[in-house]
Amino acid sequence: MALALSITPTSSSSSSSCLLSRNPTPNFKTTHLNFVTPRRIHTIIPLLRSFKHLQSSSKDLKASPLSISAIASSSTSSQTTELVPHKLQRLINEFKSFTNPIDRLKWVLHHASLIPPMPDSSRTELNRVMGCTARVWLDAELGQDGKMKFWADSDSDLSKGMCSCLIQVLDEATPEEVMELKIEDLVELNVGLLGSERSRVNTWHNVLVSMQKKTRWFVAEREGKGPNFEPFPSLVLTANGIEAKGSFAEAQAKYLFPEESRVQELVNVLKEKKIGVVAHFYMDPEVQGVLTAAQKHWPHISISDSLIMADSAVTMAKDGCEFITVLGVDFMSENVRAILDQAGFGEVGVYRMSDETIGCSLADAASAPAYLNYLEAASRSSPSLHVVYINTSLETKAFTHELVPTITCTSSNVVQTILQAFAQMPELNVWYGPDSYMGANIVKLFQQMTLMTDGEIAKIHPKHSLDSIKSLLPRLHYFQEGTCIVHHLFGHEVVERIKYMYCDAFLTAHLEVPGEMFSLAMEAKKRDMGVVGSTQNILDFIKLKVQEAVDRNVDDHLQFILGTESGMVTSIVAVIRSLLESSSANSKLKVEVVFPVSSDSMTKTSSESSNSIRVGDVALPIVPGVAGGEGCSIHGGCASCPYMKMNSLNSLLKVCHNLPDVENVIGRFIAERFKKQTPQGKLIADVGCEPILHMRHFQANKELPEKLVHQVLSWESKR
């Protein structure tokens, strides 16, 4: 949205095509706000109000505030050879010299009037800066003298002023100088906008990232040795349809529009036999496509992350479902069975989708002897709490809970769980496992919190401060021998390609990704261009950003890097299509979902292969699912989870058609109850559920249950 605020300087202004430093500075004493219409007044009043909250950051300046005329003198006397750090510091000094927030606003808006005009040919989609509230365009060139030249424009005067300041700093700079500037260097130029205008602050950061991306490309082109990176496969969604770019994306897109006969067959049998379906986000796209379409006709279908699956099953049982089919790995069906029993629905049948073991690399890691050895050390450190990822078997939860008091966690609540545990038991030792990448990322996150103020930390958790975060770090441990084969994919090669080609896109990353990808996503998060968390967090972030673009009602191109398993795309596409179709005015809005697939995790077949799939006259050389070998690397990374892909549509229909299983045709598909006992002689199902119930208490009450706290604090006396 363009700001309806204009500055009319009293001094005569030279041509707008002049260099920034040659423009005279206006006398703000006679500057006035030119409100043209009532609509413009309503636009700018919230902006001006937000500046009342801005605190002057000029306390550190020893000299008295400069007058605007003095600033003009220093600005016009600067030499073209001035170094970038000096240019930036001069701007910061100018900005900080104003104690009145309104004067700071006028200062930024004055720079908007000084920016050289951008050629109309540069106002293209390719030059759009992503992540800004207003529309911003940026173009650049690398001159023969080895210096960068930038042009920018925006339909917002405020954004244009920010662009003008950055151009004043980086225009005529060397590529090295451009790349050395960090977003942290711009902190002191924070205009201090709040509320709905808060995202404008990120314009500084997003424009800088775009400047550096263009600089990187020009240097690579000039030297003739740029990385030979091909674009990642992607799906581009508009109100009018979907375009698939790359064979991997084409294979995913094929199943977004399932055959109606398959959908109707499933709906009919679900209704007839009162069957509920709980499925994980990582299902094969064929299954998810049919399930998503079937949801419109049968309400007892849920596609979610692992935490919600068991809750959904209980809801379905309450609504009269006699059977629950679980599309996921075995620990998910175990959890569903156990939680249904705890809720009093033992008569409801629970069925898996295979007569073979549907494993999980993380669950396997937690069952290995190394993990029990890790917890043996924990049991000797009192007081200790074991925080175990929910992606583990019920047997693991039971055995470890008898070794060390245990609470389960998810990728969306693990940070708050750990912080709350330390808040209730300050001398605690926390032992997290089994995901090594997530553990390392949690530690890195807490290390970053040591750079924050007490007030900033309190916003994350009200009972913590800088001292408490520093105190807990030495007592936070994580297992270092467990990884998810899916998220292991997002390693160095993928990160380098993202930096080179997609550094200005929205970046999503699961908390299980390796540290390099985690750091990249956290940097994007700082400028409101990224999210790190669970699959549901990722879905919510994409939904929010698309909704904001729809509300702006302008042509835009949003690009999202999907830093998790490719099966998420079905749910993401469903959400995006719903938002785009609900607003016909946004027919020009494009939303692109990018699959960052490592080159060594692409298994290809020839077009003549029996494994290829034909869409019309086109043979797709990459087929989603285990049968085609798609997405799995010899180095251990996967674009798609091979275990999850064992949950096929044919298996689901087979199970449903054979229910109730009078002739024991699908007996091996039943999610059995654990009848084995723990070393202390208790039922695995009972002990294994307790850490889950502790987590549910925490989610409902925002504190650990007294029973668990008592177990932790009295554990030493029991040994």
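Helices here are DSSP runs of H or I with at least four residues, strands are DSSP runs of E with at least two, and both are numbered from the N terminus. Keep that in mind as you follow this tour through a predicted model, where local features need pLDDT of at least 70, side-chain atom pairs count only at pLDDT 80 or more, and totals for chains, interfaces and linings use all residues. Residues are numbered from 1 along each chain as its sequence is written, and side-chain values use heavy atoms, with hydrogens and water left out.

**The whole chain**

Start with everything on screen. The protein has 27 helices and 18 strands. Of its 719 residues, 56% count as buried; buried means under 20% relative accessible area, exposed means over 50%, and partly exposed lies in between, using a 1.4 Å probe and protein chains only. A contact means heavy atoms within 4.5 Å. Among the contacts with a separation of 6 or more, 73% are between residues 24 or more positions apart.

**Stop 1: Asn202**

Select Asn202, in the loop between α6 (175-180) and α7 (203-223). Is Asn202 buried or exposed? Its relative accessibility is 4%, so Asn202 counts as buried. Then pick Cys132, which is 70 residues from Asn202 along the chain; the C-alpha atoms of the two are separated by 6.9 Å.

**Stop 2: strand β9 and its sheet**

Next, select residues 384-389, which form strand β9. How many of the six residues of β9 are buried? Six of six are, so the strand is mostly covered, as the cut-off for buried would have it.

Bring in the neighbouring strands. Two strands pair if DSSP finds at least two bridges between them. Strands of a sheet pair through backbone hydrogen bonds, either parallel or antiparallel. With β11 (residues 429-433), β9 pairs in the parallel sense over five bridges. To find that pairing in the viewer, look for Val388 opposite Gly433, and for Val387 with its bridge partner Tyr432. With β10 (residues 406-409), β9 is joined by four bridges, and these strands also run parallel. Here Val387 stands opposite Ile407.

Which order do the strands of this open sheet follow? The four strands run β10-β9-β11-β12, with parallel pairing. β10 and β12 (476-478) are the edge strands, each pairing on one side only. From one strand to the next, the twist averages 25 degrees. Angles run from 0 to 180 degrees between N-to-C directions, and axes are lines fitted to C-alpha atoms, for helices over the stretch in contact.

Now show helix α14 (residues 369-379), which packs on the sheet and touches β9, β11 and β12; its direction makes about 175 degrees with that of β11. Then select helix α15 (residues 394-403), which makes a right-handed β-α-β unit with β9 and β10. A crossover is right-handed if, with the strands pointing away from the viewer, the path from the first strand over the helix to the second runs clockwise.

**Stop 3**

Step back to Pro383, in the loop between α14 and β9. A cis peptide bond joins Ser382 and Pro383, with omega about -5 degrees. Most residues other than glycine have a negative phi, and most peptide bonds are trans.

**Stop 4: helices α11 and α25**

Select α11 (residues 306-318) and α25 (residues 684-701), whose axes come within 13 Å and cross at roughly 90 degrees. The two helices are therefore roughly perpendicular, the word for angles of 65 to 115 degrees; under 35 counts as roughly parallel, over 145 as roughly antiparallel and the rest as oblique. Show Leu307, Ala310 and Asp311 in α11, which meet Met695, Arg696 and Gln699 in α25.

**Stop 5: the loops on either side of α25**

In the loop between α24 (649-657) and α25, find Pro660. The peptide bond from Leu659 to Pro660 is cis, with omega near -10 degrees. Asn664 is in the loop between α24 and α25; its phi is positive, near 55 degrees, and Asn664 is exposed at 55% relative accessible area.

Finish at Lys702, in the loop between α25 and α26 (706-713). Phi of Lys702 is near 65 degrees, and Lys702 counts as exposed at 58% relative accessibility.
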